[in-house]
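Subject: Structure handover, aromatic contacts

Hi,

Here is the structure I promised to pass on. Please open it alongside this note.

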Amino acid sequence: MQRLLFTPLTALLGSPCLRLLVPRVAPGTQCGCSCGIRRPLRPGQYSTISDVALQPGRGTVSLPSKAAERVVGRWLLVCSGTVAGAVILGGVTRLTESGLSMVDWHLIKEMKPPTSKEEWEAEFQKYQQFPEFKILNHDMTLAEFKFIWYMEYSHRMWGRLVGLAYILPAAYFWKKGWLTRGLKGRVLALCGLVCFQGLLGWYMVKSGLEEKPDSHDIPRVSQYRLAAHLGSALVLYCASLWTSLSLLLPQHKLPETRQLLRLRRFAHGTAGLVFLTALSGAFVAGLDAGLVYNSFPKMGESWIPEDLFTFSPLLRNVFENPTMVQFDHRVLGITSVTAITVLYFLSRRIPLPRSTKIAATTLLALAYTQVGLGISTLLMYVPTPLAAAHQSGSLALLSVALWLMNELRRVPK
């Protein structure tokens, strides 16, 4: 009877697959003699999964804290990747003017696309009732409508995938007890932000479906709502990536000198500047401001265009005047690349780990690549491939800035 009970259990606990989940015993924790006596393990050390206590009454294995952190860190890294995909796909949807093709929002019902000709015609007829068709696309064919509809559909379905990627694993890890008290708060906030994103996306789309009898301008979503939608997505991306890198990257015990403190503060400020520059791109996209003054470095024939302050009151120009919006984006972009250049040279003046120096160099290279993409996009009147690459470059910059900040983070005593 003992063989029947304990042989399978012994085989399970000794299997190679389960051993991979936990750290191996450090060298020197077992004596070299053949007596089989082991030295006491330090707290947090495990030789095999069998050394981890089975929680009584639950029948589940509690992972060591470090192993659980790695699992959660990798999950959040994947989640941040899905958010990046949603931001890029959303940018392409905006560039192809596809965002107003789906005039309804249903969480479950709209997951099934039209399949028959009758269903497509019914969907097209709904679209024809709204300003974008009446003013901009009044000669659109059904085949052309299908293209923009599928673009928006892909963006919405990807958003649902992002929600599942966060919520389902979060519930599983919570139940398994793999989240610390601090991580529980962060994970709850991230899942809440994902749900808020979906509601904010529909709130943004609604602004482009409203009838405006006094306006014959091209129908578009509110640039304020677009900026809020993009900004919350960037916050979700940065928070997920930061938490992931904090769990996965080793902590460097750097000497707390005045130079390091200055570098750390400057890195945080530079990352904030990159975030603000990316956010200002939402106003550029929302107002089609990339289609005015397609020259560089001057705007037309002057450094400061005459129509920079045409709106009243003065503050409206910052958010509603396409000329001012493009001007602001240029200034922020130039300031960001200048700050990144200064950050690179500051990082060369103090001894840093190799990985930290690689992060600083990568950030510098990406910054100048992003500037090249931005100027090319402007001079060529915003072609979709270049504009999409420019938008993706802002995410890459943010990613490496967060990587560098993690490399420089203070090690708790």
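Below is what turned up among the aromatic side chains.

First, a caution: this is a predicted model.

The structure holds 19 aromatic pairs. Take F124 and Y127 to begin with. Their rings are stacked, with 6.5 Å from centre to centre and 15 degrees between the planes. Both residues belong to helix α4, which covers residues 117–127. They sit three residues apart there, so about one helical turn separates them. The cut-off for buried is under 20%.

Y127 also pairs with F145. This pair is tilted: the centres lie 5.2 Å apart, and the planes are 35 degrees apart. Which parts of the chain does the pair link? Y127 is in helix α4, while F145 is in helix α6, residues 142–176. The two residues are 18 apart, and the pair links distant parts of the chain. F145 has 0% relative accessibility, so it counts as buried.

These contacts belong to a wider group. Ring pairs join W120, F124, Y127, F133, F145, W149, Y150 and Y153 into a cluster.

One more contact involves a charge. The charged end of R225 sits over the ring of Y203. It lies 3.7 Å from the centre of that ring.

Best wishes

Conventions: Residues numbered from 1 in each chain as written. Predicted model: local features only at pLDDT ≥ 70, side-chain atom pairs only at ≥ 80, totals over all residues. Heavy atoms only, no water. Phe/Tyr/Trp six-rings, centres within 6.5 Å; stacked < 30°, edge-to-face > 60°. Helix = DSSP H or I, 4+ residues; strand = E, 2+ residues; numbered from the N terminus. Buried < 20%, exposed > 50% of the residue type's maximum accessible area, 1.4 Å probe, protein only. Lys NZ or Arg CZ within 6 Å of the ring centre and 35° of its normal.
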